[in-house]
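I opened my notebook for this one and went through the structure topic by topic. Here is what I looked up, in the order I looked.

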Amino acid sequence: MTDETRPTEGRTPSDYPEPQGRPDFLPADDSPDQAGRLPEPPASFGTSWGDPSGRPSSGVPPYGGPATGAPTFTSPSYGSPSSHESPSYGQEGSGPSFGASNDSGSSFGSPSYEITGPSYGSGPTYGSGPSFGSGPSYGSGPSYGSGSPSYGGGPDNGTRAYESPLFGSPSPSGPTGGNTPPPPPPRQALPLGAGWAPPPPPGADAGTSGGRRGPSTPVLVSTAVAIALVASLLGSVGTYLLTKPSSSNDPGYSLGPLPTGGAASREPGSVAGVAARVLPSVVSIEAGTTTEGATGSGFLIKNGYVVTNNHVVALAAKGGEIRIMFNNRKTTPAKIVGRDPGSDLAVIKPEDTFGTPEITLGNSDQVVVGDPVIAIGSPLGLTGTVTTGIVSSLNRPVIAGDETGAGTEEPAYISAIQTDAAINPGNSGGPLVNGKGEVVGVNSAIATLGRSVNSQSGSIGLGFAIPVNQTRRVAEELITTGKAKRPRIGIVLDKDYKGQGVKIASSPSGGRQPVDANGPADKAGLKAGDVILEIDGLALQDGNELIALIRSKAPGAKITIKYQRSGQERTATLTVVADDEPTPTPS
């Protein structure tokens, strides 16, 4: 390190801008003998300091001439004219630097040794062989491996000259030829000789012999790339952590705008199209007394009458009330016009219809299995409910009510239309319509897997509706006369018969003959004990089916019967008649 790169602190800079080599042998704790006088130089400098700038000596202490017989510095470097390259003291990157300062603030650059010759084992030189005064040069002196180094003797009899070879062993060119033991090294001597660190290994270069070697270029490039990758990763992670939502919500999420183009049109024959036409004509009914109540559905027919099931309004016949709510949520009271327990049909009249349109009645004789149907009503009080299905079966015998006769009203025998459209309690009395929106049946009953007093089962896909042709006839009779006629053929059935078909009783029962005189069966030639096998081509399974089929016919209708007598099959044609008064069973 040159003087120009350090604060002056009272020192005088060198006249030369180049780095000046100065061995730093001055102890840090040495002090001048008297004020105004520099401290004594080390023994290796002789008796006085030389001029560090290399100018001729003026002869005035402390930079005066050398003492008699003592070597002096005559040039700013250690190198001799014969050297190829003089060592430089204080330059960075050229070797180790040992700096020291004294109390007065003067400082000398630490020496730097650059190895330009072969390895230490083969006698390398420091620089090109500088010499201290007249002593042996570094270039021609012994190698590290030849003996213990020495920087000359210490103070001896008042003199500071070299008195032995620098490195301990005799040298032909040294000032003495004897084998003098090396003196102790001067204070703050360079780390050479016995007791110091071993020399560098053979073949070591200058960069590794005197100082720490910096990382190579590939290492620096790899480190830079690794740092860049890590910084990029950390930046990405930091950006994600700063920008990610605090929860699973996404504030910017959107499903886009709603579709435009107006309301989608519906085909008139679609479920939606049919429901749109039929729903305004369907009503919800509540009937009951102060202690009991029932709910159901109904539909508006011509002249403001409402058709429903008998079991929906039966409680009102015992002094209760009926209230109707239309599809527009308007309500009004209603009264019973007529009811028929045998067909489970009734007609009521609301006080106001609020402009509600009447429904269209279809033809149930044209219904076939597989036709699509729609059930509309108020299941469980849910008004305006629409369910869909198909016609599952026809002429399904259903008995609604108390079959034991213990009740006050006779059971209803229905030759029903079976459907898988969902029908639940509250659907009773509502319409079952076809794909045209025409009524083909009146929802009346459902099959359940079990019944209990305190609960009702829901739909299991087995619903039953009264055919609309029967409904039409009964409704007309109830509106015109207040009661419905009971169709009959004039026979009494054997309830204990278990064979194929239905058997006419063999003996009188309850004061009645098995076949009524001059009745439809008697006129067709039927006798007691005959077994009826079919009606209009439909094979009979039991007596309930026969009763339900007869009840579904209008008075005056003709039916064809196949029957068996004494093992022979015969046929006959009957004309259905009606009794003015309802009877528990057809006769």
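Entry 1: contacts, starting with Val278. I count a contact when heavy atoms lie within 4.5 Å. With that in hand, and leaving out residues up to four places away in sequence, I found that Val278 touches Ile359, Ile376, Val433 and Gly437. A reminder to myself: this is a predicted model.

Entry 2: the whole chain. I noted seven helices and 21 strands in the secondary structure. The chain has 587 residues, and buried ones make up 39% of them. I also looked at contacts with a separation of 6 or more: 59% of these are between residues 24 or more positions apart.

Entry 3: the largest nonpolar core. Which of its members touch the most others? I got Val278, Phe299 and Ile414, out of 30 residues in this core. Next I listed the elements that each supply at least two residues to it; among them are helix H3 (271-278), strand S8 (345-350), strand S10 (385-400) and H5. H5 gives the most, with four residues. I then found another core lying apart from this one, with 19 residues, including Leu540, Leu549, Ile559 and Val576.

Entry 4: helix H5. I checked its length first. H5 covers residues 468-481, which is 14 residues, and at 1.5 Å a residue it should span 20 Å. I find its end C-alpha atoms 20 Å apart, so the two agree. Then I listed its buried residues: Val468, Gln470, Thr471, Arg473, Val474, Ala475, Glu477 and Leu478. I kept a general point beside that list: an α-helix has 3.6 residues a turn, so residues three or four places apart point the same way. After H5 comes Gly482, with a positive phi near 85 degrees.

Entry 5: Ala275, in helix H3. Is this residue buried or exposed? I have Ala275 at 9% relative accessibility; buried means under 20%, so Ala275 counts as buried. Its contacts, not counting residues up to four places away in sequence, are Pro280 and Val386. I also looked at Thr385, 110 residues from Ala275 along the chain, and found their C-alpha atoms separated by 9.6 Å.

Entry 6: strand S8 and its partners. Five of the six residues of S8 are buried, so S8 is largely enclosed by the rest of the structure. How many bridges join S7 to S8? I have six, and the two strands run antiparallel. Arg339 has Ala346 in S8 as its bridge partner. S7 and S8 make a hairpin with four residues between them, and in the turn I noted Asp344 with a positive phi of about 55 degrees. Strand S5 (residues 306-308) is also antiparallel to S8, joined to it by three bridges. In this pairing, I see Val306 opposite Ile348 of S8.

Entry 7: aromatic pairs. My search returned one aromatic pair. Phe326 and Phe354 form this pair, edge-to-face, with 5.6 Å centre to centre and 80 degrees between the planes.

Entry 8: positive phi outside glycine. Arg329 lies in the loop between S6 and S7 and is exposed, with a relative accessible area of 60%. Leu380 went down beside it, with a positive phi near 55 degrees. I place Leu380 in the loop between S9 and S10, and at 64% relative accessibility Leu380 counts as exposed.

Methods: Residues are numbered from 1 along each chain as its sequence is written. This is a predicted model: local features need pLDDT of at least 70, side-chain atom pairs count only at pLDDT 80 or more; totals for chains, interfaces and linings use all residues. Side-chain values use heavy atoms; hydrogens and water are left out. The expected span of a helix is 1.5 Å times one less than its number of residues. Buried means under 20% relative accessible area, exposed over 50%, partly exposed in between (1.4 Å probe, protein chains only). A nonpolar core is a set of buried Ala, Val, Leu, Ile, Met, Phe, Trp, Tyr and Cys residues joined through side-chain atoms within 4.5 Å. Rings of Phe, Tyr and Trp (its six-membered ring) pair if their centres lie within 6.5 Å; planes under 30 degrees apart count as stacked, over 60 as edge-to-face and the rest as tilted. Two strands pair if DSSP finds at least two bridges between them.
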